[in-house]
Amino acid sequence: MTALQKNSLQKNPNDLNLVEVACYQRLINASVERVWENVRDWEHLPWLHESSFSYVSLDTQGEWGWRTWASEKHTSHVELCIDTQAQRYVARSYRKQQQVTEIWTSLRAEGAQTHISVTFAVPDIADADKTAVGQLYLDLYSRLWDEDEEMMQARQQQLTPAPAGPDSINLGPLQELLPRLPMEVRIRQHNYQVCAVAGELLVYPARCPHLLGPLSILDDSILDDSILDDSILNSSISDSSPLAKSQLDSSAQGRADKIHAQTLQVRCPWHGYVFDIRSGACLSPANAACRLHRSPPLQTNGASGDVILGVA
Ligand code: FES
Ligand SMILES: [Fe+2]
């Protein structure tokens with residue numbers, strides 16, 4: 001690969017026969033702050049935009065922008081350069097060091113929204129192909145910005161201060177709780193998911209410690225998904241419940257042992273980070289510096305048999 005382009009914030013630095021094939025305009029329901037955050041965030045591309053990006057890995061990044069490999073063999077790449085002063089950025093795609101696109105995006109804050117204007121240029125396109133190629137880019141960007149807008153709005157919602165929840169919640173008798181699961185509850189400053197998985201009642205943080213994406217359990221981390229059968233109805237099965245073990249019948253105990261022998265994992269759909277629910281450790285990517293914060297304990301009220309989440 002060549003060094004960083006010297007004139008990357010100028011139009012057409014490689015002096016190609018660039019043809020503008022389409023222009024996409026849209027008012028995004030997210031602040032310009034969220035949009036810039038999203039532009040700098042190359043890491044969400046293969047996860048949030050899974051259907052559009054099959055491979056993305058970082059080559060280099062800085063205040064100027066980022067450059068990522070777009071193929072496993074590193075034969076193609078994308079470079080995004082930011083012009084903060086002009087409130088615009090350019091993304092150029094290369095295949096075998098040949099530039100194949102040049103896409104400029106301008107941003108304009110409009111209150112809590114952001115107007116975007118995107119122009120797509122491709123080298124050496126015949127007049128007869130301009131409309132069809134342009135439409136491909138319009139369709140692609142419409143989908144990408146739909147996905148980005150949803151993520152930015154969800155993140156904004158998480159960043160907006162919300163009233164604290166109680167220190168504990170009475171979730172009621174186990175038999176009545178199970179059909180209502182999974183459910184999200186708020187304890188103090190955080191939201192948690194309560195769910196029953198493979199014969200176990202689980203609680204884990206509902207939001208990712210990376211950038212506040214939603215967390216959900218990975219199906220392939222579950223050995224046995226035959227949940228909510230009679231044995232679980234008769235047994236509260238959580239490590240954190242002091243009554244759980246004594247309530248287990250032998251078959252449920254065996255199943256729980258099997259589950260406990262492996263990690264139960266949650267994955268965030270925004271950047272693909274995977275966490276071990278029990279230890280809170282981030283399992284992937286290896287260099288991630290975040291972990292799940294501790295979940296409140298699940299306990300059974302001795303007198304009523306109600307399931308209590310948190311410390312009263
Ligand atoms: S918000 Fe980035 S992985 Fe969850
Ligand atoms: Fe995106």
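**View 1. Contacts across the whole chain.** Of the contacts in the protein chain with a separation of 6 or more, 54% are between residues 24 or more positions apart; two residues are in contact if their C-beta atoms, placed from the backbone, lie within 7 Å. This is a predicted model, in which local features need pLDDT of at least 70 and side-chain atom pairs count only at pLDDT 80 or more, while totals for chains, interfaces and linings use all residues. Residues are numbered from 1 along each chain as its sequence is written, and chains are lettered from A and ligands numbered from 1 in the order in which they are written. The protein chain has seven helices and 17 strands; these are DSSP runs numbered from the N terminus, helices being H or I with at least four residues and strands E with at least two.

**View 2. A meeting of helices α1 and α3.** Here helix α1 (residues 32-40) packs against helix α3 (residues 130-159) at an angle of about 120 degrees, with the axes 10 Å apart. Axes are lines fitted to C-alpha atoms over the stretch in contact, and angles run from 0 to 180 degrees between N-to-C directions. That angle makes α1 oblique to α3, because angles under 35 degrees count as roughly parallel, over 145 as roughly antiparallel, 65 to 115 as roughly perpendicular and the rest as oblique. Look for Arg34, Val35 and Asn38 of α1, which make the contact with Asp148, Met152, Arg155 and Gln156 of α3.

**View 3. An open sheet of four strands.** Follow the order β12-β13-β14-β15, with antiparallel pairing; two strands pair if DSSP finds at least two bridges between them. At the edges, β12 (216-217) and β15 (282-284) each pair on one side only. Three bridges join β13 (residues 265-267) to β14 (residues 274-276), and Val266 has Phe275 in β14 as its bridge partner.
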